[in-house]
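Take a look at the sequence and the model before reading on.

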Amino acid sequence: MTKTLVIAEKPSVAQDIVRALTPTAGKFDKHDDHFENERYVVTSAVGHLVEIQAPEEFDVKRGKWSFANLPVIPPHFDLKPVDKTKTRLNAVVKQAKRKDVTQLINACDAGREGELIFRLIEQYAGGQKNGQFLPLNKPVRRLWLQSMTPQAIRDGFESLRTEAQMQGLADAARSRSEADWLVGINGTRAMTAFNSRDGGFFLTTVGRVQTPTLSVVVEREEQIRKFVSRDYWEIHGTFQAEAGQYPGKWFDASWKKSTAPTLANGEPDAEQRADRVWNERDAREIADASRGKPATVTEESKPTTSASPMLFDLTSLQREANGRFGFSAKTTLALAQSLYERHKALTYPRTDSRALPEDYLPVVKDTMKMLADSGMKHLAPFARQAVDGNYVKPNKRIFDNAKVSDHFAIIPTLQAPSGLSDAEQKLYDFVVRRFMSVFFPSAEYQVTTRISTVEQNGRKYPFRSDGKVLVKPGWLAIYGKEAVNDDDEKDGKNLVIVKPGETVQAVAVDTKGLKTRPPARYSEATLLGAMEGAGKTIDDDELREAMQEKGLGTPATRAATIEGLIAEKYMLREGRELIPTAKAFQLMTLLRGLGVEELSKAELTGEWEYKLAQMEKGALSRTDFMREIAEMTQHIVKKAKEYDRDTVPGDYATLSTPCPNCGGVVKENYRRYTCTGKTGQEPCGFSFGKSPAGRTFEVVEADALLRDKHIGPLEGFRSKAGWPFTAEIILKFDEEETKNWKLEFDFGDDKNEDTGEIVDFSAQDTVGPCPICGAPVFDHGSNYVCEKSVPTPGQPTPSCTFKTGKIILQQPVEREQVEKLLATGKTDLLDKFVSMRTRRAFKAFLIWNKEEGKVTFEFEPRTSKFPPRKTFGKAAPAAKKTAAAKKAPAAKKVAAKKAAAPKAPRKTGAGLTPSAALAAVIGTEPVARTEVIKKLWDYIKANGLQDATNKRAINADAKLKAVFGKDQVTMFELAGIVGKHLTAAAA
């Protein structure tokens, strides 16, 4: 009997399909990677299982990128499995190739990306022969779902679409994927080749989404840098009525935005406001004329309502979670994905829709009932109110098929979660509140606008007062807002009552001097909003329409785009601000200078969306679109390849530090910082590259390098092969050839370290005591070394071996961390080590390993990302048994090792009792000697007791003075002092 293979995009959708089909198609048997009955085999992908790549002959490895190999426009694309999901791909392909499977149903998400996921799997399953992909030769039908209710799924199976109906969408999906590859690969390699002309490997990534996104951030930073603050004044008054006082602010009643003064370039002045005065004299005149004078009052009071915000899509959830909790977009997506996949508590999060399907009303009612009966005491009463009040009703604002795309809005599922982490719980509550609030009544306010007018010498001076009082909280009650009583002025903006016809007195009127502020830097929340609304900035009507509700990227990829820009050092995250780096400005300067600004504009996406939409309708062929993309790719490469001017024009900086060679002015150009000479004199020839080994200097770093002749260690350099490394940079005078200063990398190969030359540490402060011999440790070349490990005037022959690097596996080790290592035996957790073998970053503590006689790594204890699941019945013992079995071989190994080389048990000093004075600092429990030092150090750090000028000295507070016996000690005295305050505990 033949069967039909149904391929869904995600395992959860496959399960939904099985549940929906069971009543009509019969029971399914569950296997490891699929479900099966007499008619259907149902399996799923986990997102993209296959990706496109250029054939091997076009794949030039990084580090060898050059214009000679560009542009890369392969005649066809190969396919390769996504590494992380190879097992799943093999399982799906195995089902597709079954002889009894004679038809396929594409049940991936209803959209362009879902179509691509299925088509690539189908093509890969057909196999290859002589470099050509073979057809699978099995007919395909399309399941098109916008709702996941069982009935909607069954209805979808009754109206499957044909392959011919889906061809336009399939062409558009494949074309978008290939176009992104062509522009991204060729653009990145062309810009990298251009920037690497002077040597090294300067990776310069570009892309259709990432580069316009970066452009948005750079343009905002340019506005901030060019912003010139202006002074303005406001006039604030306090008015006395019979019932009390109220505030008011003066405004120009005749002011209109359309007639407001413009800037010198004729553009509207965004800083103009009706309540701003642009010189202090006029402001004082208004204040003096109004102060102490009577005023007449007119007032308008009207009710207004405020509906709840709409349900969350991914972007709005990421934006609001960033503002509310400080979560990054990446963190919010990860939490939402965990709540969806692991806890089954939220619907699919990677959605751009804020509405629900029209047939989802019964599901929503059941969800509200589940919440009403849940254990969430802070939210269950509101859900119960919604159930009892029948709040869940058909409403086009909430239930609208026209506003549902591939997926619908993010809402809670029928499954109440348990065992959530704190962050998961916060996000779940956040979504639940929004879900409930859309069904609650609007909040009702009483809004009052009062104009108090002082009239003097024929002139009128109006002051505006606004009041807004919450009368009925409606949906705001879910967020803890309550109605404000008339006499409660603290929580509401209630204005004291003024009787009709009453004259009030301006008892105080004062000017307030302020300054205009530059636009705020982007946070992740505001950048996500800018990406989502990027189409609104496009002038062309057709392109803007094509990008409507699309923006830059998709909800699922925007977080990754931001993280990618940070990873490539185009942006820094400081607090909640995103700040573009010098590398970002350099890229924008390059694209403008080369005349390929289309790479940095949202119009490129708009143009593609317009043409892809035409392709979906059959009005544009895939061949024509891809030919245009190839021509665009060739244009980008040609512009970069043929650029022959000395420098790229741009807005460049002048350094504040003079030339170290002649004292002239040092200015920036595209590639270098160059001496331009003193006024009236020729430049001396001094210059240094802006981007040594692919890392671009910030202007402040370049200034610091000139001033100090040394900077670092700095991260982000790349070798010629493209590997990252960390190094210091120095400016060194070349006596032999150029007779000028030149830039060099300093990897710490200090000539004095191993030459046998006498080293004098007399001018240095010690870092701490040597853990081997107790002698002082000093900063020396690329290491921190024991005084007795190098030749010194007092001891020409070294007798100690202690040495630890300033940079360990690309992790700069600051002096403060070495001080802590020497004092306590352990640094803080450091997070930028890079494995030599895997090239991956990792976190670790540095510790003094006494047994090995050197500094080694200690890793954080591994804890599960998720809280432990509850176990029932006899499951727990079985789990323990399995765990023990797995560990047995390792245990035997350890036992054998111990048997072969027995060691005396280490004396840890455990069980020592602290004196009363010491116990006041570290507690009364018996403790090991080493632990005492750690606890003391933590106390010293927590209370800021290190001396500000000499961090090796510790200032005693009242508790420590009782331990030290004096006001200040050095860290080298601690061990000796502690010993006097410890006694062996009684057995």
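The points below cover a helix first and then a sheet.

This is a predicted model: local features need pLDDT of at least 70, side-chain atom pairs count only at pLDDT 80 or more, and totals for chains, interfaces and linings use all residues. Residues are numbered from 1 along each chain as its sequence is written, and side-chain values use heavy atoms, with hydrogens and water left out.

**Helix α16**

- Helices (H or I, at least four residues) and strands (E, at least two) are DSSP runs, numbered from the N terminus.
- Helix α16 covers residues 582-594, and its 13 residues should span 18 Å at 1.5 Å a residue. The expected span is 1.5 Å times one less than the number of residues.
- The end C-alpha atoms of α16 are 18 Å apart, which agrees.
- Twelve of the 13 residues of α16 are buried (under 20% relative accessible area, 1.4 Å probe, protein chains only).
- Among the buried residues are Phe585, Met588 and Leu591.
- The buried residues of α16 pack against α5 (163-195), α6 (210-226), β19 (577-580) and α18 (622-642).
- Gly595 follows α16, and its phi is positive, near 80 degrees.

**Sheet β32-β33-β34**

- Three strands form an open, antiparallel sheet in the order β32-β33-β34.
- β32 (830-834) and β34 (854-858) are the edge strands, and each pairs on one side only. Two strands pair if DSSP finds at least two bridges between them.
- Three bridges join β32 to β33 (residues 841-849).
- Phe833 stands opposite Phe842 in β33.

Conventions:
Buried < 20%, exposed > 50% of the residue type's maximum accessible area, 1.4 Å probe, protein only. Contact = heavy atoms within 4.5 Å.
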